[in-house]
Amino acid sequence: MIHFVLLISRQGKVRLIKWYSPYSQKERTKVIRELSGVILTRGPKLCNFVEWRGFKVVYKRYASLYFCMCIDQDDNELEILEIIHHYVEILDRYFGSVCELDLIFNFHKAYYILDEILIAGELQESSKKTVALLIAAQDSLVETAKEQAGSISNIIAQATK
Amino acid sequence: MGSQGGFYQSKEFLDLVKSIGEARSKAEEDRIVLNEIETLKRRISEPDIPKRKMKEYIIRLVYVEMLGHDASFGYIHAVKMTHDDSLLVKRTGYLAVTLFLNEDHDLIILIVNTIQKDLKSDNFLVVCAALNAVSKLINEETIPAVLPQVVELLAHPKEAVRKKAIMALHRFYQKSPSSVSHLVSNFRKRLCDNDPGVMGATLCPLFDLITRDVNSYKDLVISFVSILKQVVERRVPKAYDYHQMPAPFIQIKLLKILALLGSGDKQSSAKMYTVVGDIFRKCDSSSNIGNAILYECICCVSSIYPNPKLLESAADVISRFLKSDSHNLKYMGVDALGRLIKISPEIAEQHQLAVIDCLEDPDDTLKRKTFELLYKMTKSTNVEVIVDRMIDYMISINDNHYKTEIASRCVELAEQFAPSNRWFIQTMNKVFEHAGDLVNIKVAHNLMRLIAEGFGEDDDTADSQLRSSAVESYLCILGEPKLPSVFLQVICWVLGEYGTTDGKFSASYIIGKLCDVAEAYSNDETVKAYAVTALMKIHTFEIAAGRKVDMLPECQSLMEELLASHSTDLQQRAYELQAVIGLDAHAVACIMPSDASCEDIEVDKGLSFLNGYIQESIEKGAQPYIPESERSGMLNISNFRSQDHHEASSHGLRFEAYELPKPIVQSKIPPASLASTELVPVPEKMYPRESYQTTVPSVSSDAGPSELKLRLDGVQMKWGRPTFSPATSTSNSTISQKTVNGITQVDGASTANSRTRETYDSRKPQVEISPEKKKLAASLFGGSSKTEKRAATGHKISKSSSHMVEKSHVPKSSMEVASEKTPPVQQPLDLLDLGEPTVTSTVPSVDPFKQLEGLVDTTQVASAVNHGLTAAAKSPDIMALYSETPADGDLLSGVLNPSMTNMPGGTTTRQSMPRSKGPNPKDSLEKDALVRQMGVTPASQNPNLFKDLLG
């Protein structure tokens, strides 16, 4: 199973982190510090896996962003690499050629999307289409809510004119 | 992209994100975040905050926490948010609580009610949001509160809900297997769900269930195989395709399950052969996902009942992995090799050079994986080389976790395969010296036991030699600064027990050394205790032998110090020493018999020798002893406690379901009983004896499965025949070996043989394999290869020296040959005598290893020639396969274009993107414009922010 997902920038800034196994606040900070030290310093041609505290961390760099997932000893690393890629492709489709900035300002959306792909540390959906539909269904609610808010503020604006 | 890429947050929040992005130091960032926390603390507790604002605050809290700061003051607000009616707000609330709270957090009890309500909602999106929260937040205690509803949702019309319900149940199973044990039939039913997504999700809990209990699910083999077949035949909807592979993630999961079901089961395995073979054939090995599936196939093939054809395909894939340029594939190849050699050990031979390349690779991950492989293929012939390598690596790393692991592996290998006791002790010394504090204390006790018992009952001189060599080496090592505590304990014990036995060292010399130890490590009470006991032994041995002992001045001062020690243990030992010294020879010999550490001590657990005393006391009116469990006072207290507990819990939410009985309590009983037996009162200074006590019986039975036990039988055999002793001492014996080789050449080499050798030699320079590497390969793979390799190469080269072996095996397939060949290692001695030295020497041409290498070389060269390429590429088609696939290639454009990072501003970056996809620059421009509209100019220092992740 996947124990956590970590998105971290080249400079070591956390862009997204989701824990599927329990870690205390203190451990969390330590894990992030330790891992960013290990992963950001690795050369480009080395393999995308790091053995760490008896777990394995699979990471992949996209532009300036590192996507990392921590997995058990007996998991399939190549599969995890593809799960990462699957996530990035869905992000790309959603944001329209996604870049780091999208994730910085819309990190909560990245979380929502991740929640549709992984649940409890396992891959729950491998169809991009299904994920896209679900996210769209949720977003349509946002749209209507926004419209309502918009129309109310319009009314107020008109009334106060 | 529409509004999706837009930014809904307030300017304030965008500014925060921006300023964090521009922060030049961690300190600056912390200051900004702390400011933000202050602001949020103030604002969030204001009354009547509009929902929209509140939602943003919560997201800001998430942001703050993501940056590693404590946002716990706002948790309660996030919890409150989940109660909201509006899905939008609720969703944010759920997101925040799943990110903030661990399953054991106190606030969870406040969410359970909301979750229950939401699980019943008409809106499937609400249900989905609640299920997401369920799978993160529900703990063992609260499972019963939501379980019935989650089970009901398995029949929900929306597949997304069914899927999440399955995943939630899977989580419940992980937390408390008993809670969902009655739901197995539901999982089985969901396997036939119309939606492939739900079916795929069901594989997760089934995998766990099958891992625990394979036999109850054997009937599902046919279903799994037919599902896998349908997937492979592309009968799942196209939406599940990934990089042109049909539902690869489902395939992988199914292969994992099949591996479990087919393990050691010939019948079930037979049903899988066809489909796994199909996957091997159809799988596209040019894509990463294709390789992921192939790797999983290898895992499956190596787990199920072996099938020669599949093993062959697996071996092919492994060699492709190992020959690839991608480190990832090499890594997977090494891992897969480790799995396959258990079944067909001979395949390691073909890859020896690739493996050694991996061992010397600068990539640490790959190196470690390779050590794991070596660990799996260690035998008595190559143990020395492997353990030496491991120890060298162990010394070179700092990572304590891995150091511990590799140290324990060294110990394990040394214990299993040690060629001699001297080597064993030297190896253990090295391990202790460099990782002493990381290894299990049992290992130390084991080492002491080995030194005390020796390795055989028949050979006393060897035992005493072993002891004196141990004593010598320890006296030597004591000179080094900062030895680990565990190691010092061993040293003190051995010096005390055997320091003066062989008469080489005088008692005063040993005493002096022991006093030095006690002084140098004065903070370590255990070491001091060991040292004092050792001193006592030396003194008593001297007295018993009738020699007069004078207290050395340093010993005297040590005693004085210890007599006043704060540690009662040390004090007691010191007093005992003082008392013992005053006794006469006969009494002393009774107290401390020489070399008695191996004798059994009978521990009277019932303390029956005290019966008389007890009787006397009771007669005098003392209270009889009441066992702890029968004491009434205790009982009352625990009763009271449980009542109290009950009352406390009644204040909170109550669900009937909490009362469900928990069937698995049994597992808790054994540890308790174990603990009670450990409480046997044994005087403390008998540490080592105590450990013997437990181990002695297993030694006598000899077949005892205890892990830490030395397998002495194998060792004995190695010692019996020094001719076998392996190949590490190459350098000093090469000359004699050469002459031996010369003889072999004259004697046995046929003309055909030498001709082939010549051709190999002439080709050799093209590939350039350093002699050290070959030497290493020979010593690593040497043990097994001697005979096996001949079998493997036998079809191509006629090997005169092994013709007698060959004849009998030629008709059989190479696989069978190899498996039958393992015993003949101990075949005619002269054959081995000739074979062994050639293994070690690098120059002589009869070396069978070189022939093997030659074979590998020729295939490589041949393929290069076939494709009309020069030596630059090893084998071109494989290069093409494993270089980044086009789909992935554009992901790396960021990495490939270092020039971009030097660009001054965010806007200019886009113009300099030569290979980006068509619409990208436009999109990015739009985004940039949008950001600027919002009044934010994102950090110009980091143009990378605008770079598309995918291209």
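A salt bridge here is a side-chain nitrogen of Lys or Arg within 4 Å of a carboxyl oxygen of Asp or Glu. With that rule, a search of the whole structure, which is a predicted model, turns up 41 salt bridges over all chains.

**View 1. Where chain A meets chain B.** Here 86 residues of chain A touch 93 residues of chain B. Together the two chains bury about 8300 Å², with 58% of that on carbon and sulfur atoms.

View 2. Six salt bridges cross between chain A and chain B, and one to zoom in on pairs K256(B) with E79(A) at 3.8 Å, N to O. Helix α2 (residues 77-95) of chain A brings 13 residues to the side that touches chain B, the largest share. Sorted by type, that side of chain A holds 39 nonpolar, 18 polar and 29 charged residues. The count of residue pairs in polar contact between the two chains is 22 (both at pLDDT 80 or more).

**View 3. A buried lysine with no salt bridge.** K136(B) sits in helix α7 (residues 124-137) of chain B. The residue is buried, and the nearest side chain of opposite charge, E103(B), is 8.5 Å away. What does the side chain of K136(B) have a polar atom 3.2 Å from? That would be the backbone oxygen of W19(A).

View 4. K90(B) and D118(B) form a salt bridge, with their closest N and O atoms 2.9 Å apart. K90(B) belongs to helix α5 (residues 87-100) and D118(B) to helix α6 (residues 108-119), so the pair ties together parts of chain B that are 28 residues apart in sequence. Both residues are buried.

**View 5. Two bridges on helix α21 of chain B.** E360(B) and R389(B) meet at 3.7 Å, N to O, in a salt bridge. E360(B) lies in the loop between α19 (352-359) and α20 (364-376) and R389(B) in helix α21 (residues 383-396), so this pair ties together parts 29 residues apart in sequence. Another salt bridge joins K430(B) to D388(B) at 3.9 Å, N to O. That pair links K430(B) in helix α23 (residues 421-435) to D388(B) in helix α21, 42 residues apart. K430(B) is partly exposed at 36% relative accessible area, and D388(B) is partly exposed at 26%.

Technical notes: Residues numbered from 1 in each chain as written. Chains lettered and ligands numbered in written order. Predicted model: local features only at pLDDT ≥ 70, side-chain atom pairs only at ≥ 80, totals over all residues. Heavy atoms only, no water. Contact = heavy atoms within 4.5 Å. Buried area = accessible area lost by both parts, 1.4 Å probe. Polar contact = N/O pair within 3.5 Å; in protein donor to acceptor, adjacent residues only side chain to side chain. Helix = DSSP H or I, 4+ residues; strand = E, 2+ residues; numbered from the N terminus. Nonpolar A, V, L, I, M, F, W, Y, C, P; charged D, E, K, R; others polar. Buried < 20%, exposed > 50% of the residue type's maximum accessible area, 1.4 Å probe, protein only. Lys, Arg positive; Asp, Glu negative; His and termini not counted.
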